[in-house]
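Hi,

Here is the structure I promised to pass on. My notes on it follow below.

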Amino acid sequence: TGINGEKRVSCQCSHMTSFAVLMSFVSDYNPLEATVTIVLLGASLGCLFFTIIAYIPAKEMRRARIVWINLLLVISLMLSIIAFYFMELVVTNNVKENKVPDAADAASIPCVIVASLMNYFWLCQMAWMVCEAVVLYQAIVRVFATHISKCMFILFNLACWGIPMIFPIIGFIWGRTDVANPKTCFLRQKYGLV
C-alpha cells in the first residue's frame, strides 16, 4: 500500500541480465556503458553480416525457402541493431548537449521514431521466428508436406513485415510523442506497449 492508500506493485531484482537492463525504467547515462554498447553492437552487426556472406557461395542452399526465412530473420536482427545504435546516438547527443529531458517531458521526434523502429523490428524478429517454427513443424511432424510454396513464402513476408507494423502505428496514434521515454528513447510503460 502506498502513501495515500493507493495500491502499488514494486519489483526488485539483484541481477543485471540483459533483459533486466533493457527493461529498467530508471536510467542514467554512463559513457563507459555507451562505449561498450557501441562496440558490442558493432561486433553483433559484423557477425550477422558474415552470416549473410556465408550464404553467398552456397547457391544450392539459397534455393531452399527455409534459408531465405533465416536470411530475413538475420536482416531483421541487423535492422534492429542499427535502430538500437541510433537510439544510443540520440541519447548520447542529448547528454552531450545537456538537453537531457525529464521522464515526464514529451519525447523528441527522433526519439519517437527510434523507439517505434526498435519496437517494429523486434516484433518482426518474433514473427520470423514463428515462421521458422511453422516450417520446422512441417518438416518434423508433417514429413511429406515440407515444401514451402511461393504463395506461402509471400504470405510469410507479408505477415512478418506487415503485421508488426500495426503495433508501432497504434502506439504513435494513441500516444503521439508521449509513446517514447525522452530520457532513454525506449517505449513508455504508460500505454502498456512494453
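How many helices and strands does the secondary structure of the chain come to? Six helices and two strands, taking helices (H or I, at least four residues) and strands (E, at least two) as DSSP runs numbered from the N terminus. Their order from the N terminus is α-α-α-α-α-α-β-β.

Before you dig in: this is a predicted model, where local features need pLDDT of at least 70 and side-chain atom pairs count only at pLDDT 80 or more, while totals for chains, interfaces and linings use all residues. Residues are numbered from 1 along each chain as its sequence is written, and side-chain values use heavy atoms, with hydrogens and water left out.

On the whole chain: 32% of the 194 residues are buried (under 20% relative accessible area, 1.4 Å probe, protein chains only). Among contacts (heavy atoms within 4.5 Å) with a separation of 6 or more, 74% join residues 24 or more positions apart.

Helix α2 covers residues 31-55, 25 residues in total, and spans 37 Å from first C-alpha to last, close to the expected 36 Å (1.5 Å times one less than its number of residues). Its buried residues are Ala34, Leu41, Leu48 and Tyr55.

There are also four aromatic pairs (Phe, Tyr or Trp rings, using the six-membered ring of Trp, with centres within 6.5 Å; planes under 30 degrees apart are stacked, over 60 edge-to-face, the rest tilted). Tyr120 and Phe121 have ring centres 5.2 Å apart and planes at 55°, so that pair is tilted. Tyr120 is buried at 12% relative accessible area, and Phe121 is buried at 11%.

Cheers

Key. Buried means under 20% relative accessible area, exposed over 50%, partly exposed in between (1.4 Å probe, protein chains only).
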